[in-house]
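These are my notebook entries on a structure that I looked through element by element. The sequence and the model come first, and my entries follow.

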Amino acid sequence: MEQTKQEIKSQGRVPLAADGVMFDIRDLNLYYGDFHALKDISMEILSQKVTAFIGPSGCGKSTLLRCLNRMNDLVENCRIEGNIKLGKKDIYDDKAIDVVHLRTEVGMVFQNPNPFPMSIYDNVVYGLRCQGIKDKALLDHVVETSLKQAALWDEVKDDLAKNGTKLSGGQQQRLCIARAIALQPSVILMDEPTSALDPIATGKIEELMESLKENYTIIIVTHSMNQAARISDNTAFFYLGELIEYNETGKVFSNPDNPRTEAYITGRFG
Amino acid sequence: MPEQEKNFNVRDKIDMSRIKRRERTDKIFKTIFLIAGILSALMIILIFIFVGGKGIKPFLPGYEFGQQNLGKFLTGMTWRSDQNPPVYGAAFIVVNTLISAFLASVVSFPISVLTALFIVKIAPKKLRGFFTTVVELLAAIPSVVYGVFAAGKITKMVNSMAQHFGLTTHGGLSQLTVSILLAIMIFPTITSMAINAIAAVDKNLELGSLALGASKTQTNFKVVLSAAKSGIFAGLILGLGRAFGEATAVSMVAGNSMTGPTWNLFDITRTLTSTMLSGLKETSGLDYDIRFSVGIVLMIIVLITNFSIQLIKRSIGGVSHE
């Protein structure tokens, strides 16, 4: 474990622009066709912290998340204005950054576990193999360390040839996390990673996030106020495509500046 | 005021006798479905019994046209119904049939899968509907039309190809012509099955792959195809079934050789189906009954092939590390 952390720290990580700022989002507007989904979003997301995006369905939080690894590129009629910097690079400037490379640096875990229909081993090294990495010793090492970091190793180490789709829901989601961290990214985006899981599996994933934030910047979209309060350092509240409030989690939950934030987190609307 | 007299209590409207009646209807329909199921299963069993019974008869003692030797039938390399006594050896026909079906699928399978991938994942949305319609139309063309096309066009092509190599053909009737014809005929079958299989792949898998920094092409080949594997192989089984079973069009270009197997692709050939079909109406007695024996052989080959493809399917893709 110790060795792994060292390795990751020594990786060529994203050079941060300002002190501790991983993503610098400026005047971001996003349209799906005529629909104005994100309105003038400006925020800084801090490195090695867990940042939670909260807000009612349709508020734009998942959309913003998908801007950060450019998954919105795949949506037809999606238009983006403004800019997002990862470290010093504008991720929407195709001269400065390559989308495929960006996605190796900014990993993503989806709402529904989506392991590939192949062995656990092949799932974990998928991203590496796509980059042409074939060194068996390296792949073996990454499989072990990634699964250990994702707290799945002990459950699957004797059967790495088992099909990833045969695991339980919670195990599948941890496999998806292992698959993302196998690429040793700087950021992991999590889009409601526990909403399809039972409370025990959810607990495991939350514990995992706690340990992962030492090495990774984590951004999580969640509908669970408790989850946001438990695991995040900073919380951003979105409503109708606008960033209403963004502050330290303790502050947002105990003494929010905006009455709409308070109404939402206390369950009076949304 | 009629509204006031009206009874708005829903519970009063729920009538026990009506519920009982619906339960009876359920039972009746269940029986109807069961009968339909039994009828279709019976149909298949009847065909097996009829073909099987008639096909085995020539090898049983006391057969009215003279008992045939099963061993010679299964290993024989000559088929001469014009001789007296006639010689019926089906082994070379089996080999010819396997060669043409195998060649056809070797050519058609990759093209079909790539076409399906193109239609579902790569082609612009507007073209997608057009291509799908074309493939479905191709599948709907009657085999005799393919046969006429093969007899009129592919034979000429094959003939000029043979001349190019300094070889001759029997007017283009050949093993190669049969294989090309079958490749064209099974293409829409495999493609449309592959289209359905690929379109059914969970979009989340693709997103997952792209989010890990895979390119579109890597995603299509590593994730989409492997997730669609089952449906694609079902398409191959259907395609091979058609390749083995196609009679009309194949008979039009096979040439019906009397000995074999045909290793030379430009030489005439004889398949199980063309053997069963050619001259069926003008014959009787042993020559008629023996076609049923060929039918049994054909059914067994199809069964073995399906079984082997299932085995192949299990061993490729999916779990593959080490």
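Which residue with a positive phi follows α2(A)? I found that Arg70(A) follows this helix, with a phi near 55 degrees.

**Conventions.** I noted that this is a predicted model, in which local features need pLDDT of at least 70, side-chain atom pairs count only at pLDDT 80 or more, and totals for chains, interfaces and linings use all residues. Residues are numbered from 1 along each chain as its sequence is written, while chains are lettered from A and ligands numbered from 1 in the order in which they are written.

**Chain A, helix α2.** I recorded how elements are named: helices (H or I, at least four residues) and strands (E, at least two) are DSSP runs, numbered from the N terminus. I then asked why α2(A), residues 61-68, is largely enclosed by the rest of the structure. The reason is that eight of its eight residues are buried. A residue is buried if 20 or more other C-beta atoms lie within 10 Å of its own, exposed if 12 or fewer, and partly exposed in between, with C-beta atoms placed from the backbone. Among the buried residues of α2(A) I listed Lys61(A), Arg66(A) and Leu68(A).

**Chain A, other positive phi values.** Asp27(A) is not a glycine, yet its phi is positive, about 45 degrees. I placed Asp27(A) in strand β1 (residues 21-32) of chain A. Asp27(A) counts as exposed because it has 11 C-beta neighbours inside 10 Å. Leu240(A), also not a glycine, has a positive phi of about 50 degrees. I located Leu240(A) in the loop between β9 (234-239) and β10 (242-248) of chain A. Leu240(A) has 14 C-beta neighbours inside 10 Å and therefore counts as partly exposed.

**Chain B, overall.** I found 14 helices and two strands in chain B. Its radius of gyration is 27 Å, whereas a compact globule of 322 residues would have one near 20 Å. This radius is taken over C-alpha atoms, and the globule rule is 2.2 Å times the number of residues to the power 0.38. The C-alpha atoms of chain B fill a box of roughly 100 × 60 × 45 Å along the principal axes. Of the 322 residues in chain B, 37% are buried.

**Chain B, domains.** The domain assignment, which is automatic or from a database, gives domain 1 (2-59) and domain 2 (70-315) of chain B. Over C-alpha atoms, the centres of these two domains are 39 Å apart. I noted that seven residues of domain 1 of chain B are in contact (C-beta atoms, placed from the backbone, within 7 Å) with eight residues of domain 2 of chain B.

**Chain B, a helix pair.** Helices α5 (residues 91-122) and α8 (residues 175-199) of chain B pack at an angle of about 35 degrees, with axes 6 Å apart. Axes are lines fitted to C-alpha atoms, for helices over the stretch in contact, and angles run from 0 to 180 degrees between N-to-C directions. I looked up Phe102(B), which lies in helix α5 of chain B. Phe102(B) counts as partly exposed because it has 15 C-beta neighbours inside 10 Å.

**Between the chains.** How many residues of chain B are in contact with chain A? I noted 19 residues of chain B in contact with 26 residues of chain A. On the chain B side, α9(B) gives the largest share, six residues.

Terms used. Contact = placed C-beta atoms within 7 Å.
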